[in-house]
Each structure stands twice: as C-alpha cells, then as structure tokens.
Amino acid sequence: CALVTVPNDWADPRQGDITIGISRPLAAAPKGRLLLVNAGGPDNSSASMAELLVALQPQTQAEHLVVGVDLRGLSDGLGTQVSCDYAPRSGAENFMDGDSRNPTAASVQAQQQWWNRSMSACLQQHAGFLKGINTPNHARDLNLVRSLLGYARADLYGASSGSSLMA
C-alpha cells in the first residue's frame, strides 16, 4: 500500500493537498495492462476490493497489474480522512429503530431535521475538504495514479457506486 498526494481541488491546486491510498502487489512483475479498482461507497476500501477481485478472479493478474485506488475521504482508507459526528438524537426521529414500514409524517420530518443538523455541523468543520470530494477530482486522481505507475492507459473496474465513476 502507498499514499499518493493529490490536490484537494484539481481546478484550484492552491487549495492544498490531500492523500489517497492505493494498493498494489509487492514486487509485482511488469504487466501489459493496468486495472484500477474502485470499491464505491460509501466508505469502502478499494484495497480490499482489489484483493477480493484477485482472489475470486485470479486470471485478472495474468495480464493486469491490479491496483486499488481509494476514493477521497474514506474513514476506512489510508489517505486523508474525514469523519463527522452525528447530531444528538431526540428520539422523535428514530422510526428506523422500530417498524419502519409505517413512519409518521412527524417522524420523517424529525429524521430529515436530524440529518440536516448532522450535515450542517460536518460542513462547517470540513467544508474545504468536502468540496473536493467529487467525481471530476476522483477521475483526475485515477489518471494521476495511472501516470505514476507508467501506463498510457488503464482498464477500470468499479463496484457499487464505483461503477458510475469507472464508466
């Protein structure tokens, strides 16, 4: 595993740098092709996904160097992490703790208000970093990793929401 330094915002690199985690086999023999793996989210480690892909589909290593590239901000990854505390609960918003098939309008509204309080606090604490967690920056991160590994092109594999990024 390694860390790669990337701009927090590729459109404005003066905003500082962050790191993303990547995984690749130690002492891997050169391969003709590169396969970049993205596990999607939320908060899934691409290193683990790359290991799982190789374990379940070992033929991928015949032609590819398989490298997991973590998304920005993973709390389960190696790179710069973001973690936000939830707002305190009053109890009114806890319809999900019981039978969620029949929530009341009041409990849904309380749940929405709770999420809004939680996200507002997170945005106040991490606004600059969170603004950099977006698809264009993720795509540029992948391109940098490809370049650093010395490949002109890369094949892409994404699971879950990672499939949208890799498409």
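Predicted model: local features only at pLDDT ≥ 70, side-chain atom pairs only at ≥ 80, totals over all residues.
The protein chain comprises five helices and five strands. Along the sequence, these elements follow the pattern β-β-β-α-α-β-α-α-β-α. The C-alpha trace spans about 60 × 40 × 25 Å along its principal axes. Of the 167 residues in the chain, 39% are buried. Among contacts between residues at least 6 apart in sequence, 68% join residues at least 24 apart. The mean pLDDT of the chain is 85, and 91% of the residues reach 70 or more. Confidence is highest in helix 4, at a mean of 94. It is lowest in helix 5 (residues 162–166), at 78.

The five strands form an open sheet of mixed pairing, in the order 1-2-4-3-5. Strand 1 (2–7) and strand 5 (155–158) each have a single partner strand and stand at the edges, so one side of each lacks a neighbour in the sheet. Neighbouring strands are turned by 30° against each other on average, direction ignored. Strand 2 (residues 17–23) and strand 4 (residues 64–69) run antiparallel and are joined by two bridges. Ser23 has Gly68 of strand 4 as its bridge partner. In general, strands of a sheet pair through backbone hydrogen bonds, in either a parallel or an antiparallel manner.

Two helices are described here by their contacts with the sheet. Helix 1 (residues 46–56) lies across strand 2, strand 3 (33–38), strand 4 and strand 5. Helix 1 runs at about 150° to strand 4. Helix 4 (residues 135–148) also packs on the sheet and touches strand 1, strand 2, strand 3 and strand 4. The direction of helix 4 makes about 125° with that of strand 1.

Nonpolar side chains tend to be buried together in soluble globular proteins. In this model, the largest nonpolar core has 18 residues. Leu36, Val67, Val69 and Val145 have the most contacts inside this core. Strand 1, strand 2, strand 3, strand 4, helix 4 and helix 5 each give two or more residues to the core. Apart from this core lies another, of nine residues, including Ala39, Met49, Leu53 and Val54. Beyond its neighbours within four places in sequence, Val67 is in contact with Ile22, Ser23, Arg24, Leu34, Leu35, Leu36, Val37, Ala50 and Leu149.

One disulfide is counted. This bond joins Cys84 to Cys122, with an S to S distance of 1.6 Å. Cys84 lies in the loop between strand 4 and helix 3 (105–131), whereas Cys122 lies in helix 3, so the pair ties together parts that are 38 residues apart in sequence. Cys84 counts as partly exposed because its relative accessibility is 25%. Cys122 counts as buried, at 7% relative accessibility. Cys1 is exposed, with a relative accessible area of 66%.

Arg33 is found in strand 3. At 39% relative accessibility, Arg33 counts as partly exposed. Not counting residues up to four places away in sequence, Arg33 touches Glu63, His64, Leu65, Tyr151 and Asp155. Arg33 and Gln124 are 91 residues apart in sequence. Their C-alpha atoms are 42 Å apart in space.

Conventions:
Residues numbered from 1 in each chain as written. Heavy atoms only, no water. Pairing = 2+ DSSP bridges. Helix = DSSP H or I, 4+ residues; strand = E, 2+ residues; numbered from the N terminus. Axes fitted to C-alpha atoms, helices over the stretch in contact; angles between N-to-C directions. Contact = heavy atoms within 4.5 Å. pLDDT = per-residue confidence, 0-100. Core = buried A, V, L, I, M, F, W, Y, C linked by side-chain atoms within 4.5 Å. Buried < 20%, exposed > 50% of the residue type's maximum accessible area, 1.4 Å probe, protein only. Disulfide = S-S within 2.5 Å.
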